[in-house]
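I wanted to go through this model element by element and keep a record of what I looked up. These are my notebook entries, in the order in which I made them.

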Amino acid sequence: MARRIRFNAFDMNCVAHQSPGLWRHPEDQSHRYKELGYWTELAALLERGRFDGLFIADVLGTYDVYGGDDRAALRNGAQIPVADPLLLVSAMAAVTEHLGFGITTGTGFEHPYPFARRLSTLDHLTGGRIGWNVVTGYLPSAARNFGADDQLDHDDRYDQADEYLEVLYKLWEGSWEDDAVVRDPERNIYVDPAKVHHIGHSGRHYTVPGVHLSEPSPQRTPVIFQAGASPRGVRFAAENAEAIFVAAPSKRVLAQTVSGIRAALEAAGRDRYAARIYALATIVTDATDDAARRKHREYLSYASVEGGLVFMSGWMGIDLSRYDLDDPIGEVESNAIRSAVAAFQEFDDDGREWTVRDIGRWAGIGGIGPVFVGSGATVADRLQEWADDTDVDGFNLAYAVTPGTFEDIVRYVIPVLTERGVYPTDYVPGTLRNALFGRGDRLPPEHRGARYRPGGPGSTVLPDEVSRNVAGELIT
Ligand SMILES: Cc1cc2nc3c(=O)[nH]c(=O)nc-3n(C[C@H](O)[C@H](O)[C@H](O)COP(=O)(O)O)c2cc1C
């Protein structure tokens with residue numbers, strides 16, 4: 001049977017998210033990111049295309065690695081100015097019924113206690129359509145503005161994220177029992193205190209003794225997204241992630257990354273397919289191959305190589321302005337996105353070494369991922385070929401111009417995939433988690449988060465709190 005293909009849209013609350021320079025294109029609307037209408041129209045369009053979700057990236061710093069300051073980033077509008085992703089969700093949820101929302105926030109910059117409540121709030125307001133993209137950060141400028149000299153070392157950031165998630169799982173999964181809210185006017189009880197548990201967390205980074213502030217939301221824990229692909233990142237993903245975003249410039253690197261993730265999921269006691277893997281890609285399509293190629297050439301004429309190098313320097317943690325444009329990056333240590341560096345130290349699909357100029361050009365449209373150009377049928381062929389050869393579940397689609405890129409995909413590509421029987425014809429009703437896996441709204445029992453349920457092996461809920469029912473009687 002032909003492999004099914006899923007789509008996510010990739011965006012950010014800024015201009016020209018992965019296409020530096022294309023904010024100058026007359027059709028690009030990304031400068032409207034400050035208007036609610038821009039987001040509600042996009043959400044409605046994606047739901048018409050039966051996208052799984054809209055994934056909104058975020059950073060809390062500037063890309064000041066390139067050239068050693070933030071002037072090039074500012075000049076290019078390279079993810080600066082950038083606004084908050086969470087505040088967009090309620091409005092988009094109000095105009096859609098099924099679309100999921102994957103919101104990015106970092107584990108280094110916000111205490112887990114208020115964060116747990118904000119996500120529970122969004123899970124309630126969206127009817128269980130919220131996902132959280134857990135990132136550990138990669139920009140030293142972000143850490144500096146939180147008062148540190150630099151960000152933590154790469155692997156220490158993941159250790160901190162482990163504890164961050166432990167606190168959240170305890171709050172989301174362990175604090176409130178499903179029937180804690182009784183709303184009983186006869187007995188004058190809104191919440192049964194015996195069913196709300198203090199989590200008693202005391203760890204290296206966080207002390208959270210009390211109860212979660214929100215009552216259980218449809219999914220409790222939002223769908224956990226993750227996007228790091230270094231060995232430590234994959235270990236973290238294997239324990240926590242339900243959707244994984246990967247970015248690779250070649251099919252070979254992508255296939256290696258995906259098989260590493262699938263093996264790590266199994267090593268963590270989960271099914272190889274327990275996480276949906278979406279590969280970053282950009283589609284430039286039109287009615288014919290020729291028209292699509294013309295459109296691509298036109299987009300390229302707006303792309304900024306400098307903007308591409310600003311991004312790549314930030315992602316790699318290497319100031320590419322110090323290199324000769326015709327040099328390869330060679331053997332370097334990175335404290336940023338290690339998988340990004342590794343991907344460009346490999347050869348491309350044509351067996352060539354990447355030079356700095358190639359990297360800057362490549363990142364001009366679509367970031368680290370490939371650009372598929374052609375008619376709906378041609379692009380569908382490429383997507384199917386990449387999915388078959390790499391074992392990904394789908395694609396995380398960036399835009400060249402917005403909403404034009406997404407409109408073109410809905411118009412030219414989705415009908416072809418649907419006709420070939422490889423694209424969903426309808427949404428699975430219910431929460432985002434159920435739509436992705438069809439196994440209900442909550443985390444499955446084999447997931448790390450389920451261990452923190454009251455009475456579970458990871459629970460720190462006091463024993464007498466779990467063992468008494470409403471009337472104060474012991475239960476077994
Ligand atoms: C497709 C993709 C999207 C990402 N989006 C973000 C983001 O929005 N914000 C962020 O701080 N990091 C983002 N990252 C970085 C990762 O989440 C992670 O922190 C980084 O990849 C380091 O992981 P690694 O060294 O394990 O690869 C993204 C990475 C990829 C591949």
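This is a predicted model: local features need pLDDT of at least 70, side-chain atom pairs count only at pLDDT 80 or more; totals for chains, interfaces and linings use all residues.

**Entry: salt bridges**

I began with the pairs of opposite charge, and I kept in mind that side chains of opposite charge can pair when their charged atoms come close. With a cut-off of 4 Å between a side-chain nitrogen of Lys or Arg and a carboxyl oxygen of Asp or Glu, the count comes to 35 salt bridges.

I looked up arginine 32 and found its side chain in a salt bridge with that of glutamate 35, at 2.9 Å from N to O. Arginine 32 is buried, at a relative accessible area of 16%, while glutamate 35 is partly exposed at 38%.

I then turned to arginine 357, which forms a salt bridge with aspartate 326, their closest N and O atoms being 3.2 Å apart. Arginine 357 belongs to helix H12 (residues 356–362) and aspartate 326 to the loop between helix H10 (305–316) and helix H11 (338–345), so this pair ties together parts that lie 31 residues apart in sequence. Both partners come out as partly exposed, arginine 357 with a relative accessible area of 27% and aspartate 326 with 46%.

For arginine 439 I recorded a salt bridge with glutamate 446, in which the closest N and O atoms are 3.0 Å apart. Here arginine 439 is exposed, with a relative accessible area of 56%, and glutamate 446 is partly exposed at 35%.

I also traced a network of salt bridges that links Arg3, Arg262, Arg276, Asp388, Asp391 and Asp393.

**Entry: aspartate 391**

Which residues gather in a patch of negative charge on the surface? I listed Asp149, Asp150, Asp153 and Asp156. Aspartate 149 is in the loop between helix H5 (140–144) and helix H6 (154–174), and I class aspartate 149 as exposed because its relative accessible area is 75%, where the class begins over 50%.

I followed the chain into H6, which has 21 residues and spans 30 Å from its first C-alpha to its last, close to the 30 Å expected at 1.5 Å a residue. Is H6 mostly covered or mostly open? I found it mostly covered, with 17 of its 21 residues buried.

**Entry: the loop between E6 and E7**

I looked up two residues in the loop that joins strand E6 (189–191) to strand E7 (201–202), one of them being aspartate 192 and the other histidine 197. Aspartate 192 is buried at 5% relative accessibility, and histidine 197 is buried at 0%.

Histidine 197 and alanine 180 are 17 residues apart in sequence and 10.0 Å apart in space, whereas aspartate 192 and serine 334 are 142 residues apart in sequence and 51 Å apart in space.

In the loop between helix H2 (71–76) and helix H3 (89–94) I noted proline 81, which is joined to isoleucine 80 by a cis peptide bond with omega of about 5°. Glutamine 79 is found in the loop between H2 and H3 as well; its phi is near 55°, a positive value in a residue other than glycine, and at 2% relative accessibility glutamine 79 counts as buried.

Where is proline 403 placed? I found it in the loop between strand E13 (394–398) and helix H14 (404–419), and the peptide bond that leads from threonine 402 to proline 403 is cis, with omega near 0°.

Methods:
Residues are numbered from 1 along each chain as its sequence is written. Side-chain values use heavy atoms; hydrogens and water are left out. Patches are made of residues with over 30% relative accessible area and no salt bridge: like charges are joined within 9 Å, nonpolar side chains (Val, Leu, Ile, Met, Phe, Trp, Tyr) within 5 Å. Accessible areas come from the Shrake-Rupley method with a 1.4 Å probe; for residues, only the protein chains shown count as cover. Lys and Arg count as positive and Asp and Glu as negative; His and the chain ends are not counted. The place of a charge is taken as NZ of Lys, CZ of Arg, CG of Asp or CD of Glu. Helices (H or I, at least four residues) and strands (E, at least two) are DSSP runs, numbered from the N terminus. Buried means under 20% relative accessible area, exposed over 50%, partly exposed in between (1.4 Å probe, protein chains only). The expected span of a helix is 1.5 Å times one less than its number of residues.
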